[in-house]
Amino acid sequence: MKPFHQKIGAWYRDGATEFIVWAPLAKSVDLVLGEARHPLHSDTGYWNITLPVSPGDRYGFSIDGGKTLADPASFSQPDGVHGRSAVVNRDLNWKDDGWQGLSLSNAVIYELHTGAFSPTHDFDGVIERLDYLQQLGINAIELMPLAQFPGDRNWGYDGVYPFAVQHSYGGVDAFRRLVDAAHGRNIAVIVDVVYNHLGPEGSGLHHFGPYFTDRYKTPWGSALNFDGPWSDGVRNFFLQNARMWLEEYHADGLRLDAVHAIVDPSAIPFIQQLRELATDIGKQTGRRKLVIAEMDLNDPRFINPPAKGGYGLDGQWNDEFHHALRALLTGDTRSYYEDFGQLAHLEKAFRHTYVYDGVYSPHRKRTFGGHADNNPYDQFVVFAQNHDQVGNQARGERLGAWLNMEQLKLAAATVLLSPYTPLLFMGEEYGEAHPFQYFTQFSDPHLIDSIRKGRAAEFAGFDDGSPLPDPQADATFEESVLAWWQTAEDPGDTLLKYYQQLIRLRQTRPALQGRTRDTMIVHPGIRQTLAIERKILNDHVFIWLHFGDQPVVHDNITWQHLTKIFDSADACWHGPGATAAIDLPSGAPIRIAPHSVVVYEKKT
């Protein structure tokens, strides 16, 4: 057996189940079925036994005669994180033959929280909206973490059983139905996975082996041991988890949460092994498998190919594009937004991707970042909103709480007309007014009290005197569920059609599909306006993004005859009325309405 190809968990086949668990320091391990105990056999730290146990049967493990614990690699926790594990029949009936995956260069990603997306709070609720998402123009959904967490609701990043699909969402078979249904509509499925920490309640990993290390720290809990003694077993655990999602469960990609919190100075880092595994699975299945990193490092090493000393990931989130856009539109420069707020920051985000690329960061009080000028644009995922930037507000306020309709339309166009890979956060396309707050359903009273006090301290500098939402309260979760209230007469319906049109432009206009660095020219921003040229072959498009609150007149920078193809100020988009001419002769000035985007094509 290769060191990182060891199966773990409970594997049912033909009336019997093979149980495999990693416990390298244990002197004995028992399988607990009801009150009966069955000793396992050891093989280099992996203990195993095969018995006639059926799907649905509950089981646990006892280490050195101790209490019964759930399987660290449990595939199902129907009784919650404090209950025993359940055997699952993983011989799933897939119906997605012919699906080949999706490349980032063509992706329009929609991030959603399964519990807050629909009134049913589960995978079936997502399935019911797939036709809607397809009509919007979405071709990839990104599901916030699905690992079993305490209770029936959680913001997502407190999972403690990475292999167990959250039971309240519908479990393994419901996830299979979702993937099948999505693939049937040409929509890829990306799963957000957390490989930097486990949640604070319900994990028993420390009883089984040295999964954690005290050499490093994370803001959310003990750091995982990817580089110390016994780390091969830890790596295998998470590599097998990635294999489960990408191979067995047919997911098209993984979004790796906060990879900057995975400290691993090894010669061959875990992240590189994960990419190699995804590549192998892609070759074996004939389906593209994506690996996308969330990171706060401005380091292209993660996405550079191994030949250039990189890890070869497909893409990374670019928070600085968001920060530059949000601070410019809202004027909010508190906390890490103090590094942004000027048009020049957004201009640099377009031109060089990283705003801080080896320059001094006032917020960090040090020089920060590297250069990404040699990386294609589609390796960077950008957004005007996402779960972090909404949920990390004190009260989970969406961008609509800060901006008017014209500014929201401008934000959408800035993202969707960029050459980067766009990500929408659920509900933004129709101006969802419900917040997306931090919510939990823990059972440990000391933990609950600690979280309440911690959030109060975290947002003390932002407090306006009103009470913060209680993460444990039913109302906090209920208020975070999408309302889905747009109608034909509602401004949200117009905004929805506006998003559809922008996505249609992006997906059908050749000039807007250029992803290499030579397909875009960013002109110096003046008078709160950013002028961008997008071109590929014979298609040439000019975009003016005006962030000022007054009309502005600009010279025709192209000295060519242009024809307007899109104007966010048009009355059809509930705008104040377009001021930019439909035909723009060479040298004629262009008049742009406040907070608007105008798109022209070169007339041939």
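Modeller: Let us begin with a term: a residue is called buried when its relative accessible area is under 20%, exposed when that value is over 50%, and partly exposed in between. Please keep in mind that the model is predicted.

Colleague: Which of these terms applies to R509 and to D539?

Modeller: R509 is buried, and D539 is buried as well.

Colleague: What makes the contact between R509 and D539 a salt bridge?

Modeller: The criterion is a side-chain nitrogen of Lys or Arg within 4 Å of a carboxyl oxygen of Asp or Glu. For R509 and D539 the N to O distance is 2.8 Å, so the pair meets the definition.

Colleague: How many salt bridges does the structure hold, and what does the one between R287 and D96 tie together?

Modeller: The structure holds 31 salt bridges. In the pair R287 and D96, the closest N and O atoms are 2.9 Å apart. R287 lies in the loop between α7 (270-285) and β18 (290-293), while D96 lies in the loop between β9 (85-86) and β10 (109-112); the pair therefore ties together parts that are 191 residues apart in sequence. Both R287 and D96 are buried.

Colleague: Why is D173 called partly exposed, and why is R176 called buried?

Modeller: D173 has 36% relative accessibility, which falls between the 20% and 50% limits, so D173 counts as partly exposed. R176 has 11%, which is under 20%, so R176 counts as buried. D173 and R176 form a salt bridge, their closest N and O atoms being 3.2 Å apart. Because they are three residues apart in helix α4 (residues 171-183), about one helical turn separates them.

Colleague: What makes β24 and β29 edge strands?

Modeller: Each of them, β24 (520-522) and β29 (583-584), pairs on one side only. The open sheet has six strands in the order β24-β25-β26-β31-β28-β29, with antiparallel pairing.

Notes
Residues are numbered from 1 along each chain as its sequence is written. This is a predicted model: local features need pLDDT of at least 70, side-chain atom pairs count only at pLDDT 80 or more; totals for chains, interfaces and linings use all residues. Side-chain values use heavy atoms; hydrogens and water are left out. Two strands pair if DSSP finds at least two bridges between them. Helices (H or I, at least four residues) and strands (E, at least two) are DSSP runs, numbered from the N terminus. Buried means under 20% relative accessible area, exposed over 50%, partly exposed in between (1.4 Å probe, protein chains only).
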